[in-house]
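Q: Please take me through the labels on this structure. I want the value and the cut-off behind each one.

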Amino acid sequence: MQGTSVMPNLTSVLFDKTEWETPDTFNPEHFLDAEGKFVRRDAFLPFSAGKRACLGEGLARMELFLFFVSLLQTFCFSTLDGVQLSTEGIIGATRTPYPFKIYATAR
Ligand code: HEM
């Protein structure tokens with residue numbers, strides 16, 4: 001009906017067991033082929049798709065790249081002994097990780 005608000009739930013595709021080998025695990029190999037080269041996956045839609053897709057995608061990708069590359073060039077990150085980090089999160093308008101502690105050691 002005209003005027004109806006629609007909120008797509010991207011979790012259904014970003015954690016789709018028929019699209020991802022290990023959807024509940026941090027697994028960079030989701031984006032690597034057998035030779036270790038980057039592969040684009042159609043199911044990776046954090047910025048949504050179609051006419052109402054994110055207008056800030058280019059800016060967000062650039063900022064995330066600069067932010068994480070600067071951190072990784074400066075620090076080594078590790079977990080506290082015996083602590084296993086969880087990919088579970090707090091569900092709201094976005095999915096946020098539970099608070100966690102890690103070591104950041106200067107490189
Ligand atoms: C990691 C960062 C970001 C993610 C994951 C993200 C994700 C999304 C998603 C999924 C939508 C579609 C929402 C819907 O279904 O209606 C959206 C819309 C939008 N985003 Fe982003 N976004 C990010 C950063 C940004 C930034 C940095 C800007 C602007 C500087 C931006 C501007 C917008 C705008 C204007 C829309 C509405 C587009 C429309 O409805 O026509 N976003 N974003």
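The questions and answers below go label by label.

Q: What kind of model is this?
A: The model is predicted.

Q: How many aromatic pairs are there?
A: The count comes to four aromatic pairs. A pair needs ring centres within 6.5 Å.

Q: Why is the pair of Phe31 and Phe44 called edge-to-face?
A: The ring centres of Phe31 and Phe44 are 5.1 Å apart. The limit for a pair is 6.5 Å, so the two rings pair. Their planes stand at 80°.

Q: Are Phe31 and Phe44 buried, exposed or partly exposed?
A: Phe31 has a relative accessible area of 21%. Phe44 has 36%. Buried means under 20% and exposed means over 50%. Both values fall in between, so Phe31 and Phe44 are each partly exposed.

Q: Why is the pair of Phe75 and Phe77 called tilted?
A: The ring centres of Phe75 and Phe77 are 6.1 Å apart. That is within 6.5 Å, so they pair. The planes meet at 55°. Stacked needs under 30 degrees and edge-to-face needs over 60, so tilted is what remains.

Q: What is the accessibility class of Phe75 and of Phe77?
A: Phe75 has 27% relative accessibility, and Phe77 has 38%. Each lies between the cut-offs of 20% and 50%, so each counts as partly exposed.

Q: What does Phe31 touch, leaving out residues up to four places away in sequence?
A: Phe31 touches Trp20, Lys37, Phe38, Val39, Arg41 and Phe44. The C-alpha atoms of Phe31 and Phe47 are separated by 17 Å, with the two residues 16 apart along the chain.

Q: How do you know that Arg41 makes a polar contact with His30?
A: A polar atom of the Arg41 side chain lies 2.8 Å from the backbone oxygen of His30. The cut-off is 3.5 Å, so the distance qualifies. Arg41 is in the loop between helix 1 and helix 2. Residues touching Arg41 include Glu19, Trp20, Glu21 and Phe31.

Q: Why is Cys54 called a donor to the iron atom?
A: The SG atom of Cys54 is 2.2 Å from the iron atom of the ligand. Donors are N, O and S atoms within 2.8 Å, so Cys54 SG qualifies. Cys54 is the single donor from the protein. Cys54 lies in the loop between helix 1 and helix 2.

Q: Why is Pro23 called buried?
A: Pro23 has 15% relative accessibility. That is under 20%, so Pro23 is buried. Pro23 touches Phe15, Asp16, Lys17 and His30, not counting residues up to four places away in sequence.

Q: Why is Gly89 called buried?
A: Gly89 has 12% relative accessibility. The limit is 20%, so the label buried holds. Gly89 is in strand 2 (residues 89-91). Beyond its neighbours within four places in sequence, Gly89 is in contact with Arg95, Thr96, Pro97 and Tyr98.

Definitions and conventions:
Residues are numbered from 1 along each chain as its sequence is written. This is a predicted model: local features need pLDDT of at least 70, side-chain atom pairs count only at pLDDT 80 or more; totals for chains, interfaces and linings use all residues. Side-chain values use heavy atoms; hydrogens and water are left out. Rings of Phe, Tyr and Trp (its six-membered ring) pair if their centres lie within 6.5 Å; planes under 30 degrees apart count as stacked, over 60 as edge-to-face and the rest as tilted. Buried means under 20% relative accessible area, exposed over 50%, partly exposed in between (1.4 Å probe, protein chains only). Helices (H or I, at least four residues) and strands (E, at least two) are DSSP runs, numbered from the N terminus. Contact means heavy atoms within 4.5 Å. Donors are N, O and S atoms within 2.8 Å of the metal (3.2 Å for Na, K and Ca); water is not among the atoms, so sites may look incomplete. A polar contact is a pair of N or O atoms within 3.5 Å; within protein, one must be able to donate a hydrogen and the other to accept it, and residues adjacent in sequence count only if both atoms are side-chain atoms.
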